Amino acid sequence: MKEIDLPKTEILAQLGEEAAELAQAALKLRRALDGTNPTPVSEAEAWKALIEEFSDVALCCKLLKYSLQGTTQSRYLTGGVPPVRFSM
């Protein structure tokens with residue numbers, strides 16, 4: 001695996017993009033579950049998209065955490081994030 005050293009600014013930009021995609025996936029799932037404002041996306045597809053975007057956000061957060069190690073900002077970081085399990 002190739003190691004890439006991204007600046008914090010790029011990690012933050014990616015985090016913002018992924019967070020926006022997570023919000024859209026959550027809203028799409030709500031529509032699939034609720035049925036008030038129908039969507040052509042099935043409930044299963046919507047759950048899959050939500051989990052994928054959640055994973056992308058979690059990865060960006062982990063990268064940001066590692067990029068802050070040894071800096072004054074790192075004092076605001078707490079322990080690791082516990083694994084999240086989804087079942088459908």
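## Packing of the two helices

Helix α1 (8-34) and helix α2 (residues 43-68) pack with their axes 8 Å apart, at an angle of about 160°. Angles over 145 degrees count as roughly antiparallel, and α1 and α2 are therefore roughly antiparallel to each other. The crossing in which α1 passes α2 is left-handed. The residues of this contact between α1 and α2 comprise 21 nonpolar, two polar and seven charged ones.

The model described here is a predicted one. Two packed helices are described by the angle between their axes and the distance between the axes.

## Overall composition

The protein contains two helices and zero strands. Of its 88 residues, 16% count as buried. Among the contacts in the protein with a separation of 6 or more, 59% are accounted for by residues 24 or more positions apart.

## Helix α1

Helix α1 has 27 residues, which should span 39 Å at 1.5 Å a residue; the end C-alpha atoms of α1 are 38 Å apart, in agreement with that expectation. The buried residues in α1 are I11, L15, E18, L22, A25 and L29. These buried residues of α1 pack against α2.

E21 also belongs to helix α1. Its relative accessibility is 31%, so E21 counts as partly exposed. Between E21 and D56 there are 9.4 Å in space, C-alpha to C-alpha, although the two are 35 residues apart in sequence.

## The loop between the helices

After α1 comes G35, which has a positive phi, near 80°. The loop between α1 and α2 also holds T39. Buried means under 20% relative accessible area; T39 has a relative accessibility of 16% and therefore counts as buried. When residues up to four places away in sequence are not counted, T39 touches K28, R31 and A32.

## Helix α2

For helix α2, the 26 residues should span 38 Å at 1.5 Å a residue, and a separation of 37 Å between the end C-alpha atoms agrees with this. Buried positions in α2 are A46, L50, E53, V57, C60, L64 and L68. The partner against which the buried residues of α2 pack is α1.

Y66 is likewise placed in helix α2. With a relative accessible area of 49%, Y66 is partly exposed. Exposed means over 50%. The C-alpha atom of Y66 is separated by 10.0 Å from that of K8, and the two residues are 58 residues apart along the chain.

## The segment before α1

D5 lies in the segment that precedes α1. A relative accessible area of 75% makes D5 exposed. D5 and L63 are 58 residues apart along the chain, and their C-alpha atoms are separated by 9.9 Å.

## Summary

In this predicted model, two helices and zero strands are present, and α1 and α2 are roughly antiparallel to each other. The buried residues of α1 pack against α2, and those of α2 pack against α1.

Methods. Residues are numbered from 1 along each chain as its sequence is written. This is a predicted model: local features need pLDDT of at least 70, side-chain atom pairs count only at pLDDT 80 or more; totals for chains, interfaces and linings use all residues. Side-chain values use heavy atoms; hydrogens and water are left out. Helices (H or I, at least four residues) and strands (E, at least two) are DSSP runs, numbered from the N terminus. Buried means under 20% relative accessible area, exposed over 50%, partly exposed in between (1.4 Å probe, protein chains only). Axes are lines fitted to C-alpha atoms, for helices over the stretch in contact, and angles run from 0 to 180 degrees between N-to-C directions. Angles under 35 degrees count as roughly parallel, over 145 as roughly antiparallel, 65 to 115 as roughly perpendicular and the rest as oblique. A crossing is left-handed if the near helix is turned anticlockwise from the far one by less than a right angle, and right-handed if clockwise. Ala, Val, Leu, Ile, Met, Phe, Trp, Tyr, Cys and Pro count as nonpolar, Asp, Glu, Lys and Arg as charged, and the others, Gly among them, as polar. The expected span of a helix is 1.5 Å times one less than its number of residues. Contact means heavy atoms within 4.5 Å.
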